[in-house]
Structures are given as C-alpha cells and as structure tokens.
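User: I would like to learn how to read the features of a protein model with care, one feature at a time. Could you take me through this example?

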Amino acid sequence: MNFIFMLHKKKSIEEKDPEQKIPVMTKDKLGWMVMYLLSKPHGATLEEIQTQWKKNLPLEKQHKSLQYRTFYNWCVQLKEGGKFWVRTDKSSGKYHLEMNEYSHDDEGEIPLINYSLIDYEKIGRALNNRQLKGRVVNEPSYESEDQLDVITSAMIAGKVLHICYEKFGEDGYEIDVHPYALRSCQRRWYLLAYCPERGGMRTYAIDRMPCCSITNETFKLPEDFSAEKYFEGCIGVFKGIKEEEKTPAYVMLKVSNRMSEYLQTLPLHKSQMLLEEKDNCNIFRYHLLPTDELASRILAMGDEVEVLRPDSLRQKMKEKTMRMKSLYDD
C-alpha cells in the first residue's frame with residue numbers, strides 16, 4: 001500500500017531528526033486507513049473499520065483488534081501530515097476522509113511518507129470527484145468485495161486458499177489453490193492460481209466462487225513468476241485449449257476506416273501495429289493467442305473487420321458466422 005503524505009515544512013531537511021519520523025509500521029497503517037476510507041464515499045463506522053482491519057492482517061495476527069484509542073491516534077497523525085484528515089459524522093457515527101485546503105509557503109513541503117502505488121494528488125482528485133456523484137456513471141460489475149478481501153489477504157500472507165467453485169454446466173467442487181494473481185476483465189474479477197491437485201495454472205472467475213477461506217498451509221510464489229508475462233499474449237484471461245491456440249501467432253485484420261479510428265484510440269492489444277493504410281480500409285497486425293475469446297472480440301466488431309491470418313482463426317470466424325447466420329434463417 002503506497003502513497004505520499006506531505007508534512008508542511010517547519011524546519012529544514014537538515015535540521016529534522018530522522019528518528020522523529022513516523023515509525024515504519026505506522027506508515028503502513030496510516031496508508032491502509034486512507035485507502036480504506038477513500039473506498040468508502042459514504043463513510044465507515046468504527047466497527048466496519050475494525051472488521052476490515054482484522055481481515056487485512058495475516059492469519060496468525062487476526063486475533064488482534066483495532067482499539068478506538070489507536071484509531072484516534074492515527075487520525076491525529078494523519079491530520080498533522082497537513083494534507084488529509086478524518087471527519088466524524090456524529091449523527092451516523094461514520095468517519096469520512098477529507099482533504100485540507102491550505103496555501104504552500106516559500107519553503108515548500110517535506111515528503112514524510114513515500115509510497116509508490118498511489119500519490120496524494122490522485123487521492124485528492126478522487127475526493128473532489130465525489131462532488132460529481134450521480135453525474136459519473138460506471139458500468140456495473142459483479143460485487144465481489146468479500147472474496148477479494150479474503151483472496152488478497154491470502155496472497156499477502158502466502159497462504160493456500162480453499163475455494164468453492166461452480167463451473168457453468170458442471171457440478172460444483174472444492175479445491176485448494178495457491179493464489180498467484182488477480183485480473184479484472186469485462187466487469188469480472190478472475191483469480192490466477194496454481195492448482196497442486198491438477199498440477200498446473202488455472203483461472204477462476206470470482207463470480208462463480210460463492211465462498212473461499214484461508215488455510216494454515218503456506219506456499220511460496222516462484223521468483224520468476226510475472227502475471228504480466230503470463231497474460232502477455234492473451235485477449236482477456238484465458239489461454240487456449242486447443243493445441244493451435246497455445247502459441248502466440250501473428251494475427252492480421254482488415255479493418256474499415258471507421259473502426260480503424262476506434263482501434264487507434266483504444267488498441268485491441270498492446271502488440272497492435274498499423275501495417276498498411278488504404279482508401280477504404282487499414283491492415284493491423286497483432287501477436288496473440290488465437291483463442292475463442294479473441295474470436296469473440298473480433299466478432300463484436302461486426303462486418304467492419306475481416307481476419308486475414310492465421311488460417312486457423314479465419315476458419316474459426318467463418319464457422320462462428322455460419323452458425324450465427326443459421327439462427328436467423330427462416
């Protein structure tokens with residue numbers, strides 16, 4: 001959890017005693033508190049904060065509780081940072097994250113806590129955006145907050161996860177997995193995990209996971225594991241099942257001028273390259289796994305895109321369009 005608190009400068013950097021800075025553990029706790037309250041635009045009660053804090057702890061420390069006095073001290077330390085403070089709504093008993101407004105003096109500011117995940121300008125923008133409530137509409141997504149809390153806690157603690165899974169069209173089952181990474185795609189969250197029972201990597205849709213729990217068994221994440229590399233040639237989250245889908249191929253698409261404008265402003269994949277511009281179309285090239293998921297994305301662009309290569313993907317598109325046509329035949 002990483003972000004920047006700024007403390008209004010009262011001494012020069014050379015004069016400030018490093019031992020007077022907030023201890024390392026307190027940095028993490030303050031960062032966690034800010035991020036949690038930021039995620040709660042309507043505020044959170046002390047009980048909700050205490051419950052979420054316990055979930056955030058490693059399994060062996062979840063017997064510890066967050067005392068009111070400790071939480072109060074965090075609020076004081078945060079306010080002393082000069083950028084944010086926690087407001088109490090006495091009528092509802094909820095706590096809200098707010099941003100201070102003040103002028104910078106000529107001496108500038110001292111970065112007291114330096115985190116890399118998110119900085120205070122982004123948090124400030126998020127707080128200001130709350131004023132636009134009802135005027136900014138996000139696409140609805142599956143609510144999976146409880147499962148995500150458990151999964152991320154297991155990932156942090158290096159604990160094996162026990163999941164209940166309900167695959168479409170099949171009986172549900174329970175299994176232990178090593179949670180490696182999370183990926184969000186088209187309004188759904190997915191867990192990428194190593195499955196010891198099946199001896200390989202598996203992807204689980206969290207909306208098909210009615211429950212999960214952290215076990216006492218530990219696992220070690222491979223040093224060479226990279227989620228970005230794992231999904232490098234994927235459109236979406238799933239790698240191919242058929243043999244010809246398991247190796248990235250050069251995919252060439254013939255795209256109408258209208259659709260080309262969309263693709264150039266929002267590429268289908270980071271490997272996208274414009275090879276040729278013609279009067280009525282453009283030719284794009286990609287390096288991708290030619291999976292069913294890729295075919296579905298191309299199909300969604302209708303008659304404005306034609307697959308030129310590879311032949312296996314072109315044939316797949318032909319079969320899909322023929323089946324679609326049969327649905328509308330009289």
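Predicted model: local features only at pLDDT ≥ 70, side-chain atom pairs only at ≥ 80, totals over all residues.

User: How many helices and strands does the chain have, and what share of its residues counts as buried?

Analyst: Helices (H or I, at least four residues) and strands (E, at least two) are DSSP runs, numbered from the N terminus. Here the chain has nine helices and 14 strands. Buried means under 20% relative accessible area, exposed over 50%, and partly exposed in between, with a 1.4 Å probe and protein chains only; of the 330 residues, 38% count as buried. Accessible areas come from the Shrake-Rupley method with a 1.4 Å probe, and for residues only the protein chains shown count as cover. The accessible surface of the chain is about 20,700 Å², and 48% of that belongs to carbon and sulfur atoms. Contact means heavy atoms within 4.5 Å, and among contacts between residues at least 6 apart in sequence, 64% join residues at least 24 apart.

User: In what order do the strands of the five-stranded sheet come?

Analyst: Two strands pair if DSSP finds at least two bridges between them. The order in this open sheet is E9-E8-E7-E6-E10, with antiparallel pairing. Strand E9 (200–205) and strand E10 (211–218) stand at the edges with a single partner strand each, so one side of each has no neighbour in the sheet. From one strand to the next the twist averages 45 degrees; for such angles, axes are lines fitted to C-alpha atoms, for helices over the stretch in contact, and the values run from 0 to 180 degrees between N-to-C directions. Strand E6 (residues 159–165) is joined to E10 by five bridges, and the two run antiparallel. As one point of reference in E10, Ser-213 is the bridge partner of His-162.

User: What is the strand order in the sheet of four strands, and which helix packs on that sheet?

Analyst: That open sheet has the order E12-E13-E11-E14, again with antiparallel pairing. Its edge strands, E12 (273–277) and E14 (305–309), each pair on one side only. Neighbouring strands are turned by 30 degrees against each other on average, direction ignored. Helix H9 (residues 311–328) packs on the sheet and touches E11 and E14, its direction making about 145 degrees with that of E14. Within the sheet, strand E11 (residues 249–256) pairs with strand E13 (residues 281–288) over eight antiparallel bridges, and Val-255 stands opposite Asn-282 in E13.

User: Which residues of helix H8 are buried, and what do they pack against?

Analyst: In helix H8 (residues 292–299), the buried residues are Glu-293, Leu-294, Ala-295 and Ile-298. The buried residues of H8 pack against strand E7 (173–185), E11, E13, E14 and H9.

User: How should I read the salt bridges, and how many are there?

Analyst: Side chains of opposite charge can pair when their charged atoms come close. The rule is that a side-chain nitrogen of Lys or Arg lies within 4 Å of a carboxyl oxygen of Asp or Glu, and by it the count comes to eight salt bridges. One of them joins Arg-188 and Asp-207, whose closest N and O atoms are 2.8 Å apart. This pair links distant parts of the chain, with Arg-188 in strand E8 (residues 188–195) and Asp-207 in the loop between E9 and E10, 19 residues apart. Arg-188 counts as partly exposed because its relative accessibility is 34%, and Asp-207 likewise at 21%.

User: Are Lys-316 and Glu-245 buried or exposed, and where do they lie?

Analyst: Lys-316 and Glu-245 form a salt bridge with their closest N and O atoms 2.7 Å apart. Lys-316 lies in helix H9 and Glu-245 in the loop between helix H6 (227–230) and E11, so the pair ties together parts that are 71 residues apart in sequence. Both Lys-316 and Glu-245 are buried. Another salt bridge joins the side chains of Glu-306 and Arg-314 (3.0 Å, N to O). Salt bridges that share partners also join Glu-245, Asp-292 and Lys-316 into one network.

User: Which residues make the nonpolar surface patch?

Analyst: Patches are made of residues with over 30% relative accessible area and no salt bridge, where like charges are joined within 9 Å and nonpolar side chains (Val, Leu, Ile, Met, Phe, Trp, Tyr) within 5 Å. Here Tyr-68, Tyr-72 and Val-76 make a nonpolar patch of about 270 Å². Tyr-68 has its place in helix H3 (residues 68–80), and Tyr-68 counts as partly exposed because its relative accessibility is 44%.

Note on methods:
Residues numbered from 1 in each chain as written. Heavy atoms only, no water.
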